[in-house]
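Please open the model in your viewer and keep the sequence panel beside it. The tour moves from one selection to the next and says what is found at each stop.

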Amino acid sequence: MRDNFARLYKAVGFAKWFANIERDSAGYFSSKPRIDQIEPHEFIEDDNNFNEPNAADPKYIHWLKEHPSALRVFQGIKNLAEMGKQIVVFLDYDGTLTPIVDDPDRAFMSDAMRLAVRQVAKHFPTAIISGRSRNKVYQFVKLDEVYYAGSHGMDIMGPRTKLKSYDGKYQTNSLDNKGNEFTIFQPAQEFLPAIKEILDKMQKRTSDIEGVFIEDNRFCVSVHYRHVPDDDYGTLGKKVHSVLAEYPSFHLTRGKKVLEIRPSIEWNKGNALLYLLDTLGFAKSSNVLPIYIGDDKTDEDAFKVLRDRGQGYPIIVSSTPRETLALCSLHDPSEVLSFLIRLARWGVTASQ
Ligand SMILES: O=P(O)(O)OC[C@H]1O[C@H](O[C@H]2O[C@H](CO)[C@@H](O)[C@H](O)[C@H]2O)[C@H](O)[C@@H](O)[C@@H]1O
């Protein structure tokens, strides 16, 4: 695994950086240099170098035929872009830009991934759409070059807009700390007081169950059960449902070892994708090529939007065969990194 990463970094043009990467005492690679030590031209390398999908399972190999690796269809993406289609990139966070880890508070993004996203964002409008709170995602990603949609799209910080098609009462204009103008769109604003109550009740009612972690995702509440003993699943489920029963305008969705309580409004990651395309000026454009990469059930809403528009590339991150509306796949976040690096490298050459 470590050697694969080493080969990947070398292959995709991280030569200068790679020279500075050292193994720490546990034998893992730790990176010393800062992001800005890598120059964009260092992304330009032999275009035939890429991470081959790593699939030994026959079922996975069969699934890959229906959902080919996005690394394999990359040339097709490039061809469309070279014909004048504007690439817009949408990225999920957990399981896509970072591997799934035991502790949700420690899902840190690698420097390599941050650099790749930053380089992609230099050439193509880029947004991160996550189930987490917008602030939390920003703390992990720490890039001012991208747009952010937190709480499964219910808290969007997007381009400055005067769009009339969305309810003005949910939109406010704002400045970031560099003076850049943004529009914040929060279609679930009126649910905030109830969400605070739900968070509080959920914390109190589940406090006697070992391993539960309740996460405040601002416009939704996540109940993590990754560390809950199997025997306690039933009790936890009952307690979660007892809180939910008091709030009929909320519903439950499921993610990876997590239950999420969300306001029942017609708004999901798919709506957030459309909103961002609209605010970027691509509302009805046939000249846009949206790429959406995500790993979870909630990303399927965004895949569906792209399917319905008949446009772009919905890409699922999965190391196992899965029912999905995505057209293409990537095996894991290391392949996401590989894909983003190729995109960034192409962005550099295309802009020269
Ligand atoms: O939309 P996403 O950015 O993919 O966020 C979905 C949820 O991701 C996080 O939970 C998941 O990742 C954790 C860290 O790897 C893992 O420990 C947990 O079991 C997973 O469910 C996040 O903590 C949730 O709030 C997000 O809704």
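This is a predicted model: local features need pLDDT of at least 70, side-chain atom pairs count only at pLDDT 80 or more; totals for chains, interfaces and linings use all residues.

Residues are numbered from 1 along each chain as its sequence is written, and side-chain values use heavy atoms, with hydrogens and water left out.

**The whole chain**

Of the 352 residues in the protein chain, 53% are buried, where buried means under 20% relative accessible area, exposed means over 50%, and partly exposed lies in between (1.4 Å probe, protein chains only). If you switch to a surface, the accessible area of the protein chain is about 16,300 Å², and carbon and sulfur atoms hold 50% of it, by the Shrake-Rupley method with a 1.4 Å probe, with only the protein chains shown counting as cover for residues. Among contacts (heavy atoms within 4.5 Å) in the protein chain with a separation of 6 or more, 63% join residues 24 or more positions apart.

**The ligand**

Next select the ligand and the residues around it. There are 21 of these, and D92, V101, E215, K256 and E260 come nearest; a residue counts as near if one of its heavy atoms lies within 4 Å of the molecule. Strands β10 (221-224) and β12 (258-263) each contribute at least two residues to this shell.

Which polar side-chain atom lies 3.2 Å from an oxygen atom of the ligand? Such an atom belongs to H224, while polar backbone atoms of Y93, at 3.3 Å, and of D94, at 3.1 Å, also lie by ligand oxygen atoms. Taken alone, the ligand exposes 570 Å², and the protein buries 99% of that area.

**Strand β11**

Now move to T253 in strand β11 (residues 250-255), which is buried because its relative accessible area is 18%. Leaving out residues up to four places away in sequence, T253 touches V258, L259, E260 and R262.

**Helix α6**

Select R134 in helix α6 (residues 134-141). Is R134 buried or exposed? Its relative accessibility is 13%, so R134 counts as buried. Show the side chains and you will find that of R134 in polar contact with the side chain of D155 at 3.1 Å; within protein, a polar contact is a pair of N or O atoms within 3.5 Å, one able to donate a hydrogen and the other to accept it, and residues adjacent in sequence count only if both atoms are side-chain atoms. Beyond its neighbours within four places in sequence, the contacts of R134 include Y148, G150, M157, I184 and Q186.

**Helix α10**

Finish at helix α10 (residues 300-309), which holds K304. K304 is partly exposed, because its relative accessible area is 42%, and its C-alpha atom is 7.2 Å from that of G270, 34 residues away along the chain. In α10, E300, A302, F303, V305 and L306 are buried, and their cover includes α9 (269-279), β13 (288-294) and β14 (313-317). Just after α10, G310 takes a positive phi of about 60°.

Methods:
Helices (H or I, at least four residues) and strands (E, at least two) are DSSP runs, numbered from the N terminus.
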